[in-house]
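Student: I would like a close look at one part of this model: the place where the two chains meet. Please take me through it step by step, then go on to what lies inside.

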2 protein chains.
Amino acid sequence: MASLEELLKQFQQYQSKGLSINMARGQPCKEQLDLSMPMMDVLNSKADLTCEDGIDCRNYGVLGGIPECKRLLGDIIEVSPENIIIHGNSSLSIMFDCVSRSMTHGVLGSTPWMKLDKPVKWICPVPGYDRHFSITEYFGIQMINVPMGKEGPDMDMVEELVKDEYVKGIWCVPKYSNPDGTTYSEAVVKRFARLKPAAKDFRIYWDNAYSVHHLYEDDQDFLLEILDECKKAGNPDLVYKFTSTSKISFPGSGIAAVAASERNIQELKQRMSVQTIGFDKVNQLRHVRFFKNLQGVKSQMRKHADILRPKFELVERILKEEVSENASWNNPKGGYFITLRVPGCASKVIKRCRECGVILTEAGCAFPYHNDPEDSVIRIAPSCPSLEELEIAMRILCLCVKIEQAK
Amino acid sequence: MASLEELLKQFQQYQSKGLSINMARGQPCKEQLDLSMPMMDVLNSKADLTCEDGIDCRNYGVLGGIPECKRLLGDIIEVSPENIIIHGNSSLSIMFDCVSRSMTHGVLGSTPWMKLDKPVKWICPVPGYDRHFSITEYFGIQMINVPMGKEGPDMDMVEELVKDEYVKGIWCVPKYSNPDGTTYSEAVVKRFARLKPAAKDFRIYWDNAYSVHHLYEDDQDFLLEILDECKKAGNPDLVYKFTSTSKISFPGSGIAAVAASERNIQELKQRMSVQTIGFDKVNQLRHVRFFKNLQGVKSQMRKHADILRPKFELVERILKEEVSENASWNNPKGGYFITLRVPGCASKVIKRCRECGVILTEAGCAFPYHNDPEDSVIRIAPSCPSLEELEIAMRILCLCVKIEQAK
């Protein structure tokens, strides 16, 4: 094993290269974006921009989305078209709006959360998605950590916490979770569907961002459909389910949607009608004409996987070669992230990497209030760099882990 | 002059035709939408989707909008790019979000409006835009009518009302106003810029929806630029200014923006960063590549005017022929609406028109709480029907006015 001195020498060598490699965000790489370029041709100036119920997509209106797009996104997240509302380009915005409306107007007749005598509380499985936590933090909602295990969040804790009527929600990324890559087990989903929260306006925010984002054709995680489970359990209104095509077509120019029970959908639509006349139907049509159906989406996702898989495998191989004694990590079968655990030194490792031009998501980002109690989690986003860059970045990351642990 | 009996006979004849003509909403007609079809070709699968600062518009990011789009929309509403934020497809959503954020978080450090001991109040020039009033109504904001005159809202009343610290805002459509077609005079804009509201978090919601929507090339209304006037008057933060391309390119698939002072923009951006990673940059790029610059927009607007002008003139001609003794109306030089005034019988006229298949915006829509105190205002939206349909619809409308006044 190399001495600290030797490790630092290697570090200086890397530092002298003046690198700039970004592994901070789960962004598709250029080659992935190129996969969707033919979508730019499906609607040209000669195209008929009428959707299947005869409406001209170029004009105002159609609040909930055009029928064929409801069907396509419904298929992606396994719900019927009548249970889905198509929005603009961002599922994060839909989640923000759902929380915001609950703050100002409550949920299905409940007291607006801002009018309660105490702040609302929220369950946050950790590690989790930083942008989720930013929303609840923005609204002054008190966030409570619940650890993620191999099958999902600690459900004993969740079941206990929902007995508090001020606990109004939970953030979930149930499939190939951000950043752990964990898929909730059938048992966990069933326990979610059978939750009996003290608060009638408690909602599970089920962010199914990676529903079709498999790395392997023959080894995929399976996630039980939650809305159906909730209905069976007599809890139909318990869940808001979110999805988007951000990592299927173009991030920022894709389509997002929320799915829920009839009652929830009715309330969401009524409130949306104050907010907008309708979302971008031309883009909805463009997506449907390009992907055609779920098979088209799956075929596209296989192409994404062919680009992403070697990157994930490279990261895992280097981690195994370099830090198998110093750290632990997950080997996800889909999604966009690998979580590396280096208890006690994550923030120092991230800082040191940055000094060498390797940008990782900032320390603590996977936790509410940016506070990783064990200073352990490093989120690796391998999608954006090239394989060559990724190899260098991972060698540097592993080197930094070894240095910080040797000090 | 025809007797009531004769008028009713004519009415029955129209009724027997089984017509269905919609003059309810300010929607562009098919020919107008066709004008923007070449926009569908400017970005194809071979196009370089990099914006001028080198960012790939297909990926995440760029919260405030791409530089060239900020410049284009900035030119449309006469502000510099640094004072503008580009959003998604709907300026109404931006306005909703501005009010919503003020409710939950206040404005530049003020108390969140929902935390005040009394409901917030809002000044509503009437007649005005129904969707504006829906937003303030949704948030339980108490709306106060102020009459519109030939030069804009009654500024004596406005200046008096803003002395109340619970009055936090005013809705304005300052150019070719909805539904009056009035453009605020220089004197009115200057009085707006010099307002001294008791509430530091009072904002003028300046919805410049029809800034380039002239009907005539040689006879256009001029509107003084408000942000600049506010700056001169030492009130730089007083205004949020809104615009969109909804009636320039495609309604629902256009681009919207908010402009404001540096401090306001900074706060808006900070709050937006919780809400979204960014809006649809590909669509921003598509608009810039199609219109190129303000001249391109103006050229497009001349083509819109060529389609709209005959419709406005037809409406005005028929009104003059038929009801010059029974009603009054405006002859706007731009925008999307003509306001017909029939004191005491607007709701009955609208109801009767509907029985004949002519759909007008519902009675009272131009007033807060749908309450037109004089039951006088009928908003005519002539853009959508063909000239032939419009002629019939207008004859019917005028007939219904005569019937209700003869009864």
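Tutor: Start with charge. This is a predicted model, and across the interface of chain B and chain A the rule finds two salt bridges. In one of them, A:Asp34 pairs with B:Arg58. Their closest N and O atoms are 2.7 Å apart. Polar contacts come next. Between chain B and chain A, 19 residue pairs are in polar contact, with both residues at pLDDT 80 or more.

Now the helices. On chain B, the side that touches chain A draws at least two residues from each of α2 (30-34), α4 (91-105), α5 (130-138), α9 (262-275) and α10 (281-291). The most comes from α4(B), which gives nine residues to that side.

Next, extent. Chain B puts 59 residues into the contact, and chain A puts in 59 residues. The size of an interface is often given as the accessible area lost when the parts come together. Here chain B and chain A bury about 4900 Å² between them. Of that area, 54% is on carbon and sulfur atoms. Three residues stand out on chain B: B:Arg58, B:Tyr60 and B:Tyr138. They supply 16% of the area that chain B buries against chain A, more than any other three residues. B:Arg58 is also the salt-bridge partner of A:Asp34.

Now the inside. The largest nonpolar core has 118 residues. Within this core, A:Phe192 and B:Phe192 have the most contacts.

Look at A:Phe192 in detail. Neighbours within four places in sequence are left aside here. A:Phe192 is then in contact with A:Pro153, A:Met155, A:Val158, A:Ile170 and A:Cys172, among others. Its contacts also include A:Tyr184, A:Ile204, A:Trp206, A:Ile226 and A:Leu238.

A:Cys172 is in none, and the nearest cysteine sulfur, that of A:Cys124, is 9.8 Å away. A:Cys172 counts as buried because its relative accessibility is 0%. B:Cys400 is in no disulfide either. There the nearest cysteine sulfur belongs to B:Cys353, 3.8 Å away.

How values were computed: Residues are numbered from 1 along each chain as its sequence is written. Chains are lettered from A and ligands numbered from 1 in the order in which they are written. This is a predicted model: local features need pLDDT of at least 70, side-chain atom pairs count only at pLDDT 80 or more; totals for chains, interfaces and linings use all residues. Side-chain values use heavy atoms; hydrogens and water are left out. A nonpolar core is a set of buried Ala, Val, Leu, Ile, Met, Phe, Trp, Tyr and Cys residues joined through side-chain atoms within 4.5 Å. Buried means under 20% relative accessible area, exposed over 50%, partly exposed in between (1.4 Å probe, protein chains only). Contact means heavy atoms within 4.5 Å. A disulfide is a pair of cysteine sulfur atoms within 2.5 Å. Buried area is the accessible area (1.4 Å probe) that two parts lose on being put together, summed over both. A salt bridge is a side-chain nitrogen of Lys or Arg within 4 Å of a carboxyl oxygen of Asp or Glu. A polar contact is a pair of N or O atoms within 3.5 Å; within protein, one must be able to donate a hydrogen and the other to accept it, and residues adjacent in sequence count only if both atoms are side-chain atoms. Helices (H or I, at least four residues) and strands (E, at least two) are DSSP runs, numbered from the N terminus.
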